[in-house]
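I opened my notebook and looked through this model one region at a time. Here is what I wrote down, in the order I looked it up.

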Amino acid sequence: MPNLSLMPPRTSADARWWVLAALSATQLLLVLDSTIMNVALPATQTALGFSNADRPWVITAYALAFGSVLLIGGRLADIIGRKRLLLLSLAGFIMASLLGGLSGGFETLVISRALQGIAAALMAPTTLSLLSTAFADIPARGKAFGIFGAVSSSGSAIGLILGGLLTQYLTWRWCLLINVLVGAAITVMVIKILPPDASAPRQKVRPDTLGAITSGFGMFAIVYGLTIAESRSWADPLTIGSIVTGLALLVLFVATENKAAHPILPMRVVLQRDRGGAYLMVAIAGIGMFGAFLFLTYHLQTVSGLTPLATGLAFLPMVIMLVIGAIVAGSVLLPRVGARTLAIAGLVTAAVGTASFTFIDADSTYTLSILPGLIVAGIGFGLIFGPAMNLATLGVDSTDAGAASAMVNVAQQIGAAVGTALLNTVALGATASYLSTHPAPADTDMDALIHGNTVAFWATSGILLTGALICGPLITRRVNTLPADHPDKAPTR
């Protein structure tokens, strides 16, 4: 394995691809943990004896902590050093996973999941900013971000598959304990492969305390409100109050950042037009992917009667096409057609694939009715994530790389939360409406469920098409040249 310790961060040597391997493995670890416990929940509930009302918190605790700390994690990476923070957060993730895997009760499990989410929030922007620094030259950057985007966006599906395998053949505890083994291996990779931080930690940086408080609690309130909307409804006072409070705190956060000497999120990062368009792409794609994911899972298990493991494996073709699409988009298409074309093509293709699921009924087969849509949607999402992550971090000053990278994860996290809560509300409303207007033979409940899923698929497709209409005009720059103000850009005059 090449020695990177003597190489500059922006070397074009083959050693960078080992950096990509280490960072992709880290990203996969934290993304798949957002879903790996989903299929293990019934076995976990039986073993620990908690109620149905408590069950969602095993998943929600991770998402809430992850979303709340993301912006803080991005800025910490810029201040104390990215490799240093990555190693610290990996250690925290491993210890939290060990605590969860050995937990003897519900409370300990939920605490461990929250600690996992905090550690993941510190890892996520660190990995992306390290990747952006390592691959500064345009040709290699496209390929690297294509691979990284494929890993990041397919991790949720891989989590379902892995969770099903571990639960069915070992025990639910291994859905957490496996992180100890994998995390230790990744830690060794990071120590051996990644070059040391370019400079010593800044000793005299005054912390942006108010920014940390307003961003952390603001993100927590919004993600919490979107999460409970699924069970309590959008009109519930707690749902509305949480979202409104979160938005108010984020408005205060923006005002704070404009005055802070060392802001957590410099406004110059998000106000750049193309970068803002990239964040919007990631958020809309997150809504679409998690929406399609959620209702196909319902259909495959409730209507088709598949086991959790079989359900996870059913998404494998989508993962494969997503990976292929992301790599081809990043290394072949992006330098030729630009991010705008890929944004439109990806969102439209994903919308077409999702729309095909509206024709599914109780007699539909996986091969003829579901598989084609999974393939098309997988290609569409593959065209989006790699180029979007590339554009979101292109040309960012090295001191802002962590903050810019954190915003990518924030966009994806908010997109997933909105997709799950909003589309589930749409589906439940359509199901209730169907039941109120149809007589009640034996199969009415199943027909109502299918109708609700169909309406949700149409809504998902509409969101993706709307995203194409918005993101296309918003994005102006091709990702085959650096912006004029980038430090690596030679004067053209």
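Predicted model: local features only at pLDDT ≥ 70, side-chain atom pairs only at ≥ 80, totals over all residues.

**Entry one: helix α2**

I began with helix α2 (residues 41-48), where Leu 41, Thr 44, Gln 45 and Leu 48 are buried. I take buried to mean under 20% relative accessible area, with exposed over 50% and partly exposed in between (1.4 Å probe, protein chains only). These four lie on the same side of α2, because they cover an arc of only 100° around the axis. The arc is that of the directions from the helix axis to the C-beta atoms. My helices are DSSP runs (H or I, at least four residues; strands are E, at least two), numbered from the N terminus.

What do the buried residues of α2 pack against? I found α3 (57-80) and α5 (106-134) there, taking contact as heavy atoms within 4.5 Å.

Residues are numbered from 1 along each chain as its sequence is written, and side-chain values use heavy atoms, with hydrogens and water left out.

I then followed α5, which has 29 residues and reaches 42 Å from its first C-alpha to its last. That is close to the 42 Å expected at 1.5 Å a residue, where the expected span is 1.5 Å times one less than the number of residues. I also saw that α5 is mostly covered, with 23 of its 29 residues buried.

Leaving out residues up to four places away in sequence, I found Ser 89 touching Ala 119, Leu 122 and Met 123.

**Entry four: α13 and α16**

Helix α13 (residues 316-355) and helix α16 (residues 444-474) pack at about 170°, their axes 8 Å apart. So α13 is roughly antiparallel to α16, a label for angles over 145 degrees. Among the residues that meet are Arg 340 and Ile 344 in α13, and Phe 457 and Trp 458 in α16.

I counted 16 helices and zero strands in the chain. Of its 493 residues, 55% count as buried.

Conventions: Axes fitted to C-alpha atoms, helices over the stretch in contact; angles between N-to-C directions. Parallel < 35°, antiparallel > 145°, perpendicular 65-115°, else oblique.
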